[in-house]
Amino acid sequence: MNLCDIQTIKQIMSVYGLKFRKEFGQNFLTNRMVVEDIADNACDGRSKTILEIGPGIGTLTAQLAERYENVVALEIDKSLIPVLSYTLEDYKNVRVINEDVMKADLRALLEPYFEGGISVCANLPYYITTPILMKLLESGLPFDYITIMIQSEVADRLCAKAGSRDCGAITTVLSYYGTAEKLFTVSAGNFVPPPKVNSSVVRIKLYKDKPYKPKNEDIFFRTVKAAFEQRRKTLPNALSAGFSELSKDTLTTLILECGLNADIRGEKLDTATFVQLADKIADAITANIQ
Ligand code: SAM
């Protein structure tokens, strides 16, 4: 069965009485070379187990199952479960679970697979890319790689250099957890139905030992969020909006102590400087300086 063939996909959908569900971001891949490329690049051969989010009708799942020892696939759409039982019936190493990834207890589900190494590989639903990525990063689970197909615009943001125009809060947050590289771009014509945007595959290699060690992780994330939420404002103004417990004068002093100009914008800071600044903010809050 060729799961990349548009006629086959449409036939399967029709036999099971299904429609492509926009609310679940269902754009299925139709180019076998792209699917194989994603599966080949999932984890540099480091992990025995792959977590797939959103298997759809099982196109990528089957290719992952050919290459890796175990595949755990979480699919939100209950109506696709009988389809997946049919399309993946030859792959005994695939476990399909009907669950919303945002609600799933990933640690409980994946703990048995940690020892052999685990990575994530998925063609993500675009309506919820960032929340899924944040959940994966914040989970603290020992993923080796997260390889995801996402909207090209988001991919550019994830892979942007600090201080560049494409840089956003997510760029800095991601750089705290690992390094991202854009592997390749896939045009809309490689999906059914075609999405309105182009897509790119991004591979994130997660640090085993993070190089950045803020004194207080929450304050670090608050600093990044505040700096980018008001990205047109200067850093003292942007941070004032995010840290009402400190005065603008105090924040300005802390910024100057980091060797920065008071009129700098947050988007210009690299991750190490964000950590340095967040540590000073954390100290000032602890010391109850206003
Ligand atoms: N992997 C298939 C492919 O590449 O052809 C389908 C990818 S399609 C872009 C996204 C898939 O994610 C759909 O099957 C959709 O039902 C599923 N999905 C959407 N939201 C989800 C969620 N919150 N949790 C798990 N799966 C989800």
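User: Which residues is alanine 238 in contact with, leaving aside its neighbours within four places in sequence?
Analyst: This is a predicted model. Alanine 238 lies in helix H10. Its neighbours within four places in sequence are set aside here. The contacts of alanine 238 are then Ala226, Ala227, Gln230 and Lys233.

User: Is alanine 238 buried or exposed?
Analyst: Buried means under 20% relative accessible area. Alanine 238 has a relative accessible area of 1%. That value is under the cut-off, so alanine 238 is buried.

User: How many Å apart in space are alanine 238 and methionine 13?
Analyst: Along the sequence, alanine 238 and methionine 13 are 225 residues apart. In space the distance is taken from C-alpha to C-alpha. It comes to 50 Å.

User: Which helices are included in what covers the buried residues of H11?
Analyst: Helix H11 runs over residues 248–257. Its buried residues include Thr250, Leu251 and Leu254. The cover over the buried residues of H11 includes helix H10 (235–242) and helix H12 (271–286).

User: Are H8 and H9 roughly parallel or roughly antiparallel?
Analyst: The axes of H8 and helix H9 (residues 217–229) come within 9 Å. They cross at roughly 155 degrees. Angles over 145 degrees count as roughly antiparallel. That makes H8 and H9 roughly antiparallel.

User: How many nonpolar residues are in the contact of H8 with H9?
Analyst: From H8 come Ala169, Thr172, Val173, Tyr176 and Tyr177. They meet Glu217, Phe220, Phe221, Val224 and Phe228 in H9. By class, 1 residue is polar and 1 is charged. The nonpolar residues number 8.

User: Are H6 and H8 roughly parallel or roughly antiparallel?
Analyst: Helix H6 (residues 129–138) and helix H8 (residues 169–177) have axes that come within 11 Å. The axes cross at roughly 30 degrees. Angles under 35 degrees count as roughly parallel. That makes H6 and H8 roughly parallel.

User: Which residues of H8 make the contact with H6?
Analyst: The crossing of H6 and H8 is left-handed. On the H6 side, the contact is made by Thr130, Leu133, Met134, Leu137 and Glu138. On the H8 side, it is made by Ile170, Val173, Leu174 and Tyr177.

User: Which residues have the most contacts inside the largest nonpolar core?
Analyst: The largest nonpolar core has 64 residues. Leucine 51 touches, among others, Val72, Leu106, Leu136 and Phe143. The residues with the most contacts inside this core are Leu51 and Leu110.

User: How does glutamate 36 count by relative accessibility: buried, partly exposed or exposed?
Analyst: Glutamate 36 has its place in helix H2 (residues 32–40). Leaving aside neighbours within four places in sequence, it is in contact with Gln63 and Arg67. Buried means under 20%, and exposed means over 50%. At 25% relative accessibility, glutamate 36 counts as partly exposed.

User: What percentage of the residues in the protein chain is buried?
Analyst: The protein chain has 12 helices and 9 strands. Its C-alpha trace spans about 65 × 40 × 30 Å along the principal axes. Of the 290 residues in the chain, the buried ones make up 51%.

Conventions:
Residues numbered from 1 in each chain as written. Predicted model: local features only at pLDDT ≥ 70, side-chain atom pairs only at ≥ 80, totals over all residues. Heavy atoms only, no water. Core = buried A, V, L, I, M, F, W, Y, C linked by side-chain atoms within 4.5 Å. Buried < 20%, exposed > 50% of the residue type's maximum accessible area, 1.4 Å probe, protein only. Contact = heavy atoms within 4.5 Å. Axes fitted to C-alpha atoms, helices over the stretch in contact; angles between N-to-C directions. Helix = DSSP H or I, 4+ residues; strand = E, 2+ residues; numbered from the N terminus. Parallel < 35°, antiparallel > 145°, perpendicular 65-115°, else oblique. Left-handed = near helix turned anticlockwise from the far one by under 90°. Nonpolar A, V, L, I, M, F, W, Y, C, P; charged D, E, K, R; others polar.
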